[in-house]
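Please look over the sequence and the 3D view below before reading on.

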Amino acid sequence: MSNPINDLIRKKGWCVADGATGSNFFGRGLEAGYPPELWCVERPEEVLWLHGEFLKAGADLILTNSFGANAPRLKLHKSQDRVQEINKAAAELAREAVRRFADSSGHEGIIAGSMGPTGELFAPMGDLSYEQAVSCFSEQADALAEGGVDVLWIETMSAKEEVAAAAEAAKTTGLPVAATLTFDTARRSMMGVTPTEYAAFAREIGLDLMGSNCGIGPAELMDSTVELMSAEAGLPIIAKGNCGIPQYIDGEIHFHGSPELMAEYALYARDAGATVIGGCCGTTPEHLAAMVDALNSTPPRPLDSKSMSGALGPAWPDLPASGAPSGGRRGRRRAA
Ligand SMILES: [Zn+2]
């Protein structure tokens, strides 16, 4: 099976993925609590704009605006019967943005179909059965594939069962499948999975790429990336970290990382061995351009953990160095 991400990694050494979706739409009129995925049909010009800005900033890969476009999540907005329509539109918009950019630059971007969590707990803790989850994810994956994505991209997951269900659904399309976990809870995912456990699991279920995204800040993201690497699962590793540590101001989450911080983070991610490097919440096209510049102008270096900690700040400063869980700070669950 052809895998355009691996082809690019072989050629260039790394692949730059894009930045945030939701948080970049806030400045364009998206209201807090409104699902950005609906903009694929309601404000398609805004979705095209954001894809275009990331491609111009140097992204090799863009994610479709379909993160929450599964039936259980859309049900919160009474749109559960629009899964097919929204995901197909998301993929087609990304395809159109890539076509336009290729026409002007000759650079052909890769399209990854974003699939986020259902937001529901699996049985016996919750109501969702494994089979129901596979069926929900299949509906989304099939529509993304029909709309023309190159890869399916499962992200911001916290439970192994949900990754397995989404991957099972995604694989039936025949496309390559990537999946990233969010390690936001004292070095583990919210459901208790460590990066080491996840690396073994990703290999076991036959993912094509794996890694981590979102969570706390770039230092914590790098902490999980280093642990994923040391597990030696033999899969390409994705690092898609937030733009700084989330800060709660007046009940809202804000990200204040500078382009310089994100450029440092991108270099350390590559030094650590990540081959797909991008930004998560708060990462604007401006941040991404700084990351691309840094990667293009600085040769890969051996990872220097001490200087990384100096540049990005200490990872998990409230936890003991052993990584024993102690109910550390929690990041947001929704990639934006
Ligand atoms: Zn995020």
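A crossing of two helices is called right-handed if the near helix is turned clockwise from the far one by less than a right angle, and left-handed if it is turned anticlockwise. In this predicted model, helix α7 passes helix α8 in a right-handed crossing, and the crossing of α11 and α12 is right-handed.

**Helices α7 and α8**

- Helix α7, which covers residues 130-147, packs against helix α8, residues 160-171, at an angle of about 45°, and the axes of the two helices lie 8 Å apart.
- With that angle, α7 and α8 are therefore oblique to each other.
- On the α7 side the contact is made by Y130, A133, V134, F137, S138 and A141, which meet E161, E162, A165, A166, E168, A169 and A170 in α8.
- Sorted by class, the residues in this contact of α7 with α8 are 9 nonpolar, 1 polar and 3 charged.

**Helices α11 and α12**

- Helix α11, made of residues 259-272, and helix α12, made of residues 285-297, pack at an angle of about 45°, with 8 Å between their axes.
- The helices α11 and α12 are therefore oblique to each other.
- From α11, the residues P259, E260, M262, A263, A266, L267 and R270 meet a set in α12 that consists of E286, H287, A290, M291, D293, A294 and L295.
- The residues in this contact of α11 with α12 divide into 9 nonpolar, 1 polar and 4 charged.

How values were computed
Residues numbered from 1 in each chain as written. Predicted model: local features only at pLDDT ≥ 70, side-chain atom pairs only at ≥ 80, totals over all residues. Axes fitted to C-alpha atoms, helices over the stretch in contact; angles between N-to-C directions. Helix = DSSP H or I, 4+ residues; strand = E, 2+ residues; numbered from the N terminus. Parallel < 35°, antiparallel > 145°, perpendicular 65-115°, else oblique. Contact = placed C-beta atoms within 7 Å. Nonpolar A, V, L, I, M, F, W, Y, C, P; charged D, E, K, R; others polar.
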